[in-house]
Amino acid sequence: MEKKLFQAESKRLLEMMIHSIYSNKEIFLRELISNSSDAIDKIYYRTLTDDSLTFNQDDYYIKLSIDKDNRILKVEDTGIGMTKEELEENLGTIAQSGSLAFKSENEIKDGHDIIGQFGVGFYSAFMVADKVTVISKALDSNEAYKWESSGADGYTIEPATKETVGTEIILTIKENEEEEENYDEFLEEYRIQSIIKKYSDFIRYPIKMDVTESKLKEGTEDEYEQIKEEKTINSMIPIWRRNKNELTEADYENFYTEKRYGFDKPLAHIHTSVDGAIRYNAILYIPEKLPFDYYSKEFEKGLELYSSGVLIMEKCPELLPDYFSFVKGMVDSEDLSLNISREILQQDRQLKRIANNIEKKIKTELQNMLKNDRDKYETFYESFGRQLKFGVYSDYGMHKEVLQDLLMFVSSKEKKLVTLEEYVSRMPEEQKYIYYASGDSIARIEKLPQTEILREKGYEILYFTEDVDEFAIKMLMNYKEKEFRSVASGDLGLEDQEQNEKEASEETEENKELFEALKEILSGKVKDVRASKRLRTHPVCLSTDGEITIEMEKILQAMPDNQNVQAEKILEINTNHEVFQSLKSAFETDKDKLNLYTNLLYNQALLIEGLPVQDPVEFTNDICKVMV
Ligand code: ADP
């Protein structure tokens, strides 16, 4: 019989499949089953327009069978079938040749990229089979044909016998290659079943298979026999296509576990069906707990993407913004092509639309949770609040509008989490700024001397304990037109500020020489030494001028490439404190003592801020000097 040649591009793709080192070979089955499902769809659509035909659901199915001895895996369908011409046309050439042309020569070489990102369709069978036989009988045709190929050199077509309309794909599975490649697995019932479950569970037609089961022999009590029974492997109706009202919380939780989205119990789910310009169904979950690898390089965000019930990508990152990367779930759309590539996806307008809708849905869900189930939201926030803050900070603050109302911080009032909205709504009228204080822990922040004056006034202070907090807030700049202000800032915008400032500068002026001397002693360490207007009981504290606060300095200094960024520090002294009198008299009588006291006070101020003392030995020696 005459061998026909494959069209050039098909030959290239086929060769790639034959020599594929791709590890995910199992997807061949997904491709064949999808083709079968499409073929049944085609009959179904014909019946919609052709009155002479009726569509009887039970007559349409996909059937798999395994013949281990002869190394045969067969996929059979009752779809529309192919004529001789169609066999030639469809299996001898690549329909979407554009997709190959799209890839550079290098990417194509090992095949990995192309297989991972394109549906490669029928030819993927050659990853696992060294001979592929297709027997098909088309609707409206009396003849059946057999197409067969054992590789890239060509294929044959000849008449065949087949009673019913439809297609049989017969794969002769490759022999195992020593150690490297195991093909036997594709002749194992359980393996084939699990591949069907994984990729094709939601195909609309039954995928049947003869499954061997151990059954009690009739009339005996302990004798078993192996019985082959036909079973439908796929569940067919996906949960996302079902009516929300029919589904229980447990159904959604089962799906979450079944899909291995996480080991926790999700806090909430979103089930949405959109039937507009783009049609899709989605089920999304807000997990309760941080996945163990969440902050590692291995973590990949993304949702499962299905095209008409067929899984095309396990993690489609384009569907989720980074700040919602914790969301798990899936999207199924009829309007996406099965053979869509990752590059195309990135620019795909349909997908962008879906992603935008999803982002809004997630935001609304979180807002509702915050409003209606505060405890739940706080549980969520414990796990993922940090991600939201990163979201505010990243991309130059582009997403701050979306995220600002989802933020929470512990506040000095009741030491509970509050939203910015709550904070602002209960600000006294004269309060100008939203105040925050940063530190390693709440216990530590509470004792910060800089907060004294604000507490005295009864102003609420937000406590920042995470490194990202201050950076996020700097990006936010203000909330409802109220600016954020660090308690350590030089300007706290207090009502009596002018008066305070006047008094403070008078104090400084009055003791001008002393302050000059102090500044001299601490030169290179602080930018200025001033009489404080904010301290009440504490003797000293540090404040800062300029954009960089002390907390930011700590974080920036801890970075590998830190460029030694420093906050402009001011040592503030409480002139009403007894210590100030000691400084004064030392200044008059004993310059060594003044030196000693000044350094001690400076180091104390550093310690209060959680900054390292530059020379701990000298510091402890200084303390001893005071003691003896
Ligand atoms: P794709 O499915 O992406 O078009 P394939 O290489 O998988 O690419 O298949 C090429 C064509 O062969 C299909 O478009 C379809 O027309 C035809 N075909 C493949 N499998 C079947 C089948 N089981 N029944 C009927 N037609 C099929």
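**Strand pairing, packed helices and a buried arginine**

Threonine 212 sits across from lysine 228, a residue of β8. The model is a predicted one, in which local features need pLDDT of at least 70, side-chain atom pairs count only at pLDDT 80 or more, and totals for chains, interfaces and linings use all residues. Residues are numbered from 1 along each chain as its sequence is written, and side-chain values use heavy atoms, with hydrogens and water left out.

Helices (H or I, at least four residues) and strands (E, at least two) are DSSP runs, numbered from the N terminus. Two strands pair if DSSP finds at least two bridges between them. Strands β7 (residues 207–216) and β8 run antiparallel and are joined by 9 bridges. Both belong to an open sheet of 8 strands with mixed pairing, in the order β5-β4-β3-β6-β2-β1-β7-β8. At the edges stand β5 (155–160) and β8 (224–232); each has a single partner strand, so one side of each is left without a neighbour in the sheet. On average, neighbouring strands here are turned by 20° against each other, direction ignored.

Two helices pack on this sheet. Helix α2 (residues 27–49) touches β1 (62–67), β2 (72–77), β6 (166–173) and β7, and its direction makes about 25° with that of β2. Helix α7 (residues 189–200) touches β1, β2, β7 and β8, with its direction at about 135° to that of β7. For these angles, axes are lines fitted to C-alpha atoms, for helices over the stretch in contact, and the angles run from 0 to 180 degrees between N-to-C directions. Contact means heavy atoms within 4.5 Å.

At 2% relative accessibility, arginine 534 counts as buried (under 20% relative accessible area, with exposed over 50% and partly exposed in between; 1.4 Å probe, protein chains only). Its side chain makes a polar contact with the side chain of glutamate 572 at 2.7 Å. Such a contact is a pair of N or O atoms within 3.5 Å; within protein, one must be able to donate a hydrogen and the other to accept it, and residues adjacent in sequence count only if both atoms are side-chain atoms.
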